[in-house]
Amino acid sequence: VQLVESGGGLVQPGGSLRLSCAASGFTFTNYDMSWFRQAPGKERELVAASTRSGGSTNYTDSVKGRFTISRDNAENTVYLQMNSLKPEDTAVYFCNARIRIWVKWYDLWGQGTQVTVST
């Protein structure tokens, strides 16, 4: 069971990156998928989330209109397209898979990928 993120790197302000998260070892379509991020000295925050079908998404206010989450259920992959990047988007980005079984939520996490927005 694992989530493997890729696509991070160094980009100039105003640039774009696309993060990918490849899932394996579990039934991908049973899980809601999200992207979180954690900047140095700050708590981990939810950036974007997608329901199991991908039919419903939501975003934290600071990325609305700039980031897009999508999933390919045939490829067991979730993406985060990030446009118009700002220095404050610099963080480690984590992929999350979440499922509710009875009354309890279970989370799976990737190892994270660094995104640095700087000149």
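Q: Why is S24 called partly exposed in this predicted model?
A: S24 has a relative accessible area of 30%. Buried means under 20%, and exposed means over 50%. The value for S24 lies in between, so S24 counts as partly exposed. The residue sits in strand β3.

Q: What makes S24 a partner of Q2?
A: A bridge does: S24 in β3 is the bridge partner of Q2.

Q: How do you know that β1 and β3 pair?
A: Two strands pair if there are at least two bridges between them. Between β1 and β3 there are 5 bridges.

Q: Which strands make up the open sheet, and in what order?
A: The sheet has 4 strands, in the order β1-β3-β8-β7. Their pairing is antiparallel. From one strand to the next, the twist averages 15°.

Q: What makes β1 and β7 edge strands?
A: Each pairs on one side only. β1 covers residues 2-6, and β7 covers 67-72.

Q: Why is the link of C21 and C95 called a disulfide?
A: The cut-off is a pair of cysteine sulfur atoms within 2.5 Å. The sulfur atoms of C21 and C95 are 2.1 Å apart. That value is within the cut-off, so the pair is a disulfide. By this rule the count comes to 1 disulfide. In general, such a link is a covalent bond between the sulfur atoms of two cysteines.

Q: What makes this a link between distant parts of the chain?
A: C21 and C95 are 74 residues apart. C21 lies in strand β3 (residues 17-24), and C95 lies in strand β9 (residues 91-101).

Q: Which hand does the link of C21 and C95 have, and what is the angle about the S-S bond?
A: The link is left-handed, with -85° about the S-S bond.

Q: How do you know whether C21 and C95 are buried or exposed?
A: Buried means under 20% relative accessible area. C21 has 0%. C95 also has 0%. Both values are under the cut-off, so both cysteines are buried.

Terms used:
Residues are numbered from 1 along each chain as its sequence is written. This is a predicted model: local features need pLDDT of at least 70, side-chain atom pairs count only at pLDDT 80 or more; totals for chains, interfaces and linings use all residues. Side-chain values use heavy atoms; hydrogens and water are left out. Helices (H or I, at least four residues) and strands (E, at least two) are DSSP runs, numbered from the N terminus. Buried means under 20% relative accessible area, exposed over 50%, partly exposed in between (1.4 Å probe, protein chains only). Axes are lines fitted to C-alpha atoms, for helices over the stretch in contact, and angles run from 0 to 180 degrees between N-to-C directions.
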